[in-house]
Amino acid sequence: MKAFCKLIILLICCSAFFGCKKKDKTSLYNIGFSQCVGSDLWRRTMLDEMKMELSLHPGARFIYADANGNSQKQIQQVKNMVDQGIDLLIISPNEAQPLTGIVEQTYNKGTPVIVIDRKTSSSQYTAYVGADNFEIGRMAGEYMGNLLKRKGNVIEVMGLPGSSPAIERERGFADGLRKFPNVHIVTQLYGDWLKDHAEKQLSQIVPQLNSADAIFAHNDVMASGARAVLRAQHIHKPIRLIGVDALPVPGGGLQMIDSKVIDASLLYPTGGKEAIVTAFKILNKESFLKENILQSQVIDSTNAQLMKLQWNRIASQHNDILRQQNLLTEQENVYNSQQTVLNIIVITLVLAVVFGGLAFYSLMENRKINKALEKKNLEILEQRNQLVEMSAKAEAATEAKLNFFTNMSHEFRTPLTLILSPVEDMMANEKLNLVAGKSLKIIQKNAFRLLKLVNQLIDYRKIEYDRQRLNASPNNIVSFTREITDSFRQSAGKKGIAIKFTAKEPKINLWFDSNLLDKVFFNLLSNAIKFTPDNGVISISISAIEDDLVEITVKDTGIGMDEDELKHVFEQFYQGDAASGKGSGLGLSLSKEIVNLHKGAMEVSSKKWQGTMFTIRLKTGNEHLLLTEESFTDKPAAVNTEKLKLYIADLDKNEREPGGGLTGMPKEHSLLIIEDNPDLLDYLTEKLNGHYDIYTAGNGNTGISMAFEQVPDLIISDVVLPGASGKAITELLKTDMRTSHIPIILLTAQSSVEQQIDGMRRMADAYITKPFNYDYLLATVENLIKNRVLLKEHFISDAPVSGKQTVAKSLDKKFLNDFAGIVEQNLGNENFSVDDICRAIGISRVQLYRKVKALLDCSITDYILARRLKKAKYLLGNEGYSIAEITYMVGFSTPNYFSTVFKNKYGCTPSEFKRTVSAG
Ligand code: FRU
């Protein structure tokens, strides 16, 4: 595209270049012409001649100024022209002397100066154009002498005093008359080149006129003035009149000769044309003459006619030239416009070809792109179809699954009811209750929980598939909500949670389906209780916020949710962070759907560890409901206690709080059970209590602290837990020297093979999936504890460890090495105590006892004593120390005490042992 733009610019430049007429170089020149006086005929003719010649140099700028016979004015005008920046000056100086300075200055500054007709007093000019005025005067004198037949009186009317032609003509005239001694110049006067001035002067010398035979005037206009005076003075005597200029134009000297006004005139060419010709020669740096003297001659009645004819011919030729020039200009204009048209046509053609090419190229490219697009389109279409097909299949599969679930849910209802009613019967039986009350309660509670889930699933499906219709009737929402709230007070009270209920008005009538809306509040309230720690507060408030809107808020001071959980809280099957406890992920999404069915809105706001607030807005009146959604009943909305049971049962805590300490009599081994489901925790505690000391924890973090505190012999932990997960717990404990030896069983509902592998990778010792068989669990516990005892042998043995060890095992090995090393170093120190070891290793007394017991199956003091005796035995057998020396080397306070302990262990005193060894 850039190249294309460049091409267009090039074409435009070319067209501009060829389109422009080749200009004359004279177009660059500014020529100034300073005329001494411009009003008389002779000088007008001079100007015409100049313009005519200039017309052959179109474009040259011609600047003309008329000084009107004022020398000072002429000086100023020349200065102005020079300031304007003329390239050449043509000047006809009014007076020689006053104009000499400015002409010299201009010339010396480098501007060429052509002096025309009149001269300055200096020769500092570039060229002169004009006739030889002395010669003209001389020719006039000679002609006059002959005309007067060598005798007579002459009056001379001169031009402007100080002007060079006047001076030179006077001198020439005198010179011409020198041959005629009888011809006398009787009077001389100045007519200043002007007719009226001449008339005025001549009128004052009438007597001289009367005696004169001829008058020589320096120009024809003054000569015609003399003729006028002669006529006016009625001087009829024939007085010859000779002038200068002999202009051939009407009113000029030739006409005066013709009409006998004057007798003769000396031709004085204006030199206008010659001045311009010379000017261009100078400007174009061509050769030129400095002095260009124009020829003169006497014109009288004998040749005036011929001159006139010649002049007319010249004039007509001149007109022809002018016409031709005009024609030429016209032709040139036509040529120029044709040239422009041609250029435009050429450019258009080139552009057309270029654009055509481009268009063709684009067409081809477009076709290619279109083809590619079509192909892509087809591919996309195919993919889309495949996707549609796949999604239809996926939808159908999901639908089938959900239908299956729903059907199963329906199927569950009957057996659940059939479980619940005999359980309730059995619970009512005092004897049975005494024996199996706890188990029956667990059965009932979990059957309720199952039934609630099943019901929620069925409700959700109904709403989702639009089969659920509202059955709304007008009811007092305040009393309805208050009743539900009251039903939860007991459960809340068990956790010390206060429930506050506020309603601005005692009665607010709303159209709602009590059978659906109750589930929303059951769910919100049971959640609030579940997630609010002991002694928290739950506030329910109802108020009409606008004419047609009622707002109900359920606010708790519970554990709250972070932003991520909040985003998904209404999503179907979404289960929040493990720390916030587990739910089905159905309750809230079902609640929102129910509110939506009422054309209301449900929102949530929450802050982690600060609390959560659910806001429900419902419309008043029934305009937003369909007729089919309305039902009129007199019965006030009542809380369905059967349904309520399902929600409340979930909240009831068991007698014993999780996180408790030891239960029953002390046993040989201890277990830590970490499980957030209180029922399961209870169950396991109860079952395992007979065999082991049991520690319990309801969440991951408590589990971790208990493990460090108690250092149990084995840990059973759930995987998904509030706080740290079971896997995180395993990883932490197995990489800490204090707890690395404790076997861990992960007990979880995460039953996939991948999940089990992941658990084992984190160094769990066993992974048992729920539902589990209790006997299998017990066997696994027993096995792992037994294996620990076996493992002890491995640790104590000095055999090198073969194969790759787990982090936990290498940690245990390191512990034992450190422990043995410290003991070995201190065998001679009788004050060496357990606390010294704890300090050196960096663990507590209990942790040390438990760890040593677990790994070595003996107490620390037994171990130290055994090491002391073993060393003593070696020293007695291999070194030459005395018994007393050995006593202190192995850290006994007295030889007697050493002897007693040694005898206890080996059945002989140290001295007996020494004797036996040396004898044998
Ligand atoms: C015109 C004129 C002519 C004369 C010339 C002398 O102004 O007076 O008649 O020949 O000037 O410079």
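Visitor: Is Asp220 buried or exposed, and which side chain of opposite charge is nearest?
Guide: Asp220 is buried (under 20% relative accessible area, with a 1.4 Å probe and protein chains only). The nearest side chain of opposite charge is Arg169, 8.2 Å away, and Asp220 has no salt bridge (a side-chain nitrogen of Lys or Arg within 4 Å of a carboxyl oxygen of Asp or Glu). Lys and Arg count as positive, Asp and Glu as negative; His and the chain ends are not counted.

Visitor: Where do these values come from?
Guide: This is a predicted model, where local features need pLDDT of at least 70, side-chain atom pairs count only at pLDDT 80 or more, and totals for chains, interfaces and linings use all residues. Residues are numbered from 1 along each chain as its sequence is written, and side-chain values use heavy atoms, leaving out hydrogens and water.

Visitor: Which side chain makes a polar contact with the side chain of Asp220?
Guide: That of Ser265, at 2.8 Å. A polar contact is a pair of N or O atoms within 3.5 Å; within protein, one must be able to donate a hydrogen and the other to accept it, and residues adjacent in sequence count only if both atoms are side-chain atoms. Also, a polar atom of the Asp220 side chain lies 2.7 Å from the backbone nitrogen of Ala246.

Visitor: Which helix does Asp220 lie in?
Guide: Helix H9, residues 220–232. Helices (H or I, at least four residues) and strands (E, at least two) are DSSP runs, numbered from the N terminus.

Visitor: New topic: what is the strand order in the open sheet?
Guide: The order is S7-S6-S8-S9-S10-S12, with mixed pairing. Two strands pair if DSSP finds at least two bridges between them. S7 (183–190) and S12 (298–300) stand at the edges with a single partner strand each, so one side of each lacks a neighbour in the sheet.

Visitor: How many bridges do S9 and S10 pair over?
Guide: Four, in the parallel sense.

Methods:
Buried means under 20% relative accessible area, exposed over 50%, partly exposed in between (1.4 Å probe, protein chains only).
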